Amino acid sequence: MTAIDPATSEVAIGAPRRPVRARWSRLIEAWPPLVMLAIAWIVLTLIVAVGADAIAPYDYSRMDLRARLAPPAFAGGVWTHFLGTDELGRDVFSRLVYSVRISLLIAFAATIMGAVVGTLLGLLAAHLRGFFEEAVLMLIDFQASMPFMIIALAVLAFLGNSLPLFIGLMGLHGWERYARISRGLAISASEQSYAGAIRQLGATPWRVYGRHILPNIASTLIVNITLSFPEIILLESGLSFLGLGVQPPLTSLGNMVGYGREYIELASWILLSPAAVIVLTTLSISLIGDWLRDRLDPTLR
Amino acid sequence: MTPLLEVRGLARHYRVRRPGGLWGRTAVLKAVDGVSFAIGRGRTLGLVGESGCGKSTAARLALGLLPATSGDVLFDGQPLSTRQDAAWRASRRKLQLVFQDTLGALDRRLPIGLQIMEPLDIHGIGTRAERLEKTKDLFTAVGLLPHMFDRYPHELSGGQRQRVVLARALVAQPALIACDEPISALDVSIQAQVINLLHDLREQFGVAYLFISHDLRVVRQVSDEVAVMYLGRIVEQGTPDRLFRQPEHPYTRALVSAIPVATPNRARQRIILKGDPPSPVDVPAGCAFHPRCALAGPRCRVETPALRSMPGGHRVACHLAGETAAAA
């Protein structure tokens with residue numbers, strides 16, 4: 001991303017001769033079409049998540065046993081269930097809409113929680129040093145050395161399952177990476193670097209961290225968020241698949257994939273549409289994150 | 001009249017572990033070991049010495065950026081604390097440090113204009129319009145062009161960045177600026193510009209400098225007084241004319257003889273020091289310089305020389321000073 005793009009440098013040379021094309025290229029460079037598509041997709045999923053009640057044609061748990069395993073409309077099915085129905089005759093499209101709502105809620109809430117908690121602990125560790133830092137580092141090592149799936153299984157098995165608890169648990173996933181990154185970057189910024197310079201000007205820690213360190217390390221944290229978001233969707237899918245995630249009749253993307261797996265040969269549409277949504281959403285977040293990171297960095301402009 | 005900054009017996013020791021992993025013995029690294037000096041208002045003290053002799057640490061101690069192991073720092077007659085509380089932060093308005101690495105010292109995500117204004121924001125000086133006006137005035141005073149106000153640090157040259165850093169240090173009108181090798185990263189023509197700038201700013205704002213460098217010619221040019229450091233101690237101190245024309249300490253003599261001159265054919269003795277400076281963990285007994293000193297006698301190996309006064313306010317830490325001046 002940092003290197004000079006051959007396309008743009010060519011445009012720069014040819015700019016006086018072809019102003020219209022140059023303007024187009026600049027527009028495309030500033031707003032890459034792929035990223036715009038990704039943003040459009042995320043906006044669409046958000047609209048679907050918010051307006052699920054209005055969009056879904058059926059209730060997600062309404063069964064129609066006469067129309068079990070109906071294929072989608074484009075595979076010879078009927079238009080009333082245009083993405084087909086599952087083994088209990090529930091409309092796949094309606095379930096997909098509600099799944100998007102639940103999965104996005106979990107993924108966004110958990111990602112934000114992890115990022116906030118991890119970054120806060122990391123910055124506090126870098127600022128306070130001493131005992132607090134040791135404690136945070138120990139927690140980081142503990143979390144990093146345990147497969148998160150096992151921690152999640154243990155917590156859900158002992159404390160039972162409810163949606164808020166599940167979201168909170170997912171929020172714990174990945175906090176240690178934010179903590180590690182923010183602690184390391186904050187410490188390196190403080191030693192004889194810009195943060196040290198600002199501090200010796202007499203700035204309060206609020207100013208040093210809020211105005212200088214946080215914006216400077218934001219690009220790294222954003223990349224981590226874009227890595228973490230798909231992981232949480234997949235983790236949620238995995239736990240739902242194991243029966244410890246979102247409990248039926250409530251549905252989520254992972255839950256749909258998990259239960260659809262049994263019918264993969266007979267009625268693959270049950271599994272394919274939620275899987276496609278997972279892939280598109282995680283891909284979009286990655287693309288947007290990459291673009292945002294470059295966009296927020298004045299040295300790459 | 002009390003000097004602006006007075007430093008008495010300042011020392012900073014670090015505990016280090018000798019090579020040998022976990023079982024290595026601990027030792028004490030004496031980065032700065034009993035340094036005293038004073039800087040008057042609007043005066044410049046040059047601090048010279050080899051790399052690793054404790055110049056930068058001494059400056060940080062003198063500004064209250066590092067806690068001292070022992071010794072006192074008096075600023076305006078008041079002891080300077082190093083606890084990073086509100087009083088310490090408020091005192092930063094008067095004491096500034098200019099770093100050598102200007103790209104590192106600036107926040108690469110903020111336009112330089114805002115960064116120069118930052119001390120005013122931090123200390124809440126004036127209204128926003130006044131701050132902006134003051135920043136813009138200073139911006140031109142240090143020789144930056146107005147259209148650069150919204151540039152980012154990486155878009156400037158090294159000399160321009162040095163001006164930005166100086167402007168940031170000056171904007172809140174401090175009484176003292178410590179310049180830690182402010183020009184060694186610049187090429188010669190820009191060095192001259194920055195030195196002239198420092199000089200002009202001193203005339204204009206009456207600011208005092210603690211000027212750290214290993215470039216003796218520059219130090220001679222800018223300083224009212226020069227202190228030579230060797231392994232954490234000041235070995236000689238005096239006016240630049242006296243110190244560079246008639247150095248007393250063998251170490252200073254070696255340094256001075258290494259200054260390149262425009263007329264190399266002139267007969268003069270070039271003293272080349274043998275060996276590296278000893279590690280500050282194993283400071284030799286007696287005079288720290290004796291293993292490299294051509295004149296060292298038996299007394300130098302046993303007794304640490306104190307900094308003693310010579311005629312004309314000159315001070316030197318050498319047993320042989322005064323006797324050897326004629327011999328050498």
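Where is B:Pro280 found? B:Pro280 sits in the loop between α10 (250–257) and α11 (298–302) of chain B. Helices (H or I, at least four residues) and strands (E, at least two) are DSSP runs, numbered from the N terminus.

This is a predicted model: local features need pLDDT of at least 70, side-chain atom pairs count only at pLDDT 80 or more, and totals for chains, interfaces and linings use all residues. Residues are numbered from 1 along each chain as its sequence is written, while chains are lettered from A and ligands numbered from 1 in the order in which they are written.

Start with chain B as a whole. Chain B has twelve helices and twelve strands. Its radius of gyration is 21 Å, close to the 20 Å of the globule rule for 328 residues, so chain B is as compact as a globular protein of that length. The radius is taken over C-alpha atoms, and the rule is 2.2 Å times the number of residues to the power 0.38. Buried residues make up 42% of the 328 residues in chain B. A residue is buried if 20 or more other C-beta atoms lie within 10 Å of its own, exposed if 12 or fewer, and partly exposed in between; C-beta atoms are placed from the backbone.

Next comes the sheet. Eight strands of chain B form an open sheet with mixed pairing, in the order β6-β7-β8-β3-β9-β10-β12-β11. Its edge strands are β6 (95–98) and β11 (308–309) of chain B, each pairing on one side only. Two strands pair if DSSP finds at least two bridges between them. In chain B, β7 (residues 176–180) and β8 (residues 208–212) pair in the parallel sense over five bridges. B:Ala178 has B:Leu210 as its bridge partner in β8(B).

Now return to the loop. B:Pro280 counts as buried because it has 22 C-beta neighbours inside 10 Å. B:Leu29 is 251 residues away along the chain, yet the two C-alpha atoms are separated by 5.6 Å. Leaving aside neighbours within four places in sequence, B:Pro280 is in contact with B:Leu29, B:Lys30, B:Ala31, B:Leu231 and B:Gly232. Contact means that the C-beta atoms of two residues, placed from the backbone, lie within 7 Å.

Finally, look at the interface. Here 15 residues of chain A are in contact with 19 residues of chain B. On the side of chain A that touches chain B, α10 (194–200) and α11 (205–241) of chain A each supply at least two residues. The largest share, four residues, comes from α11(A).
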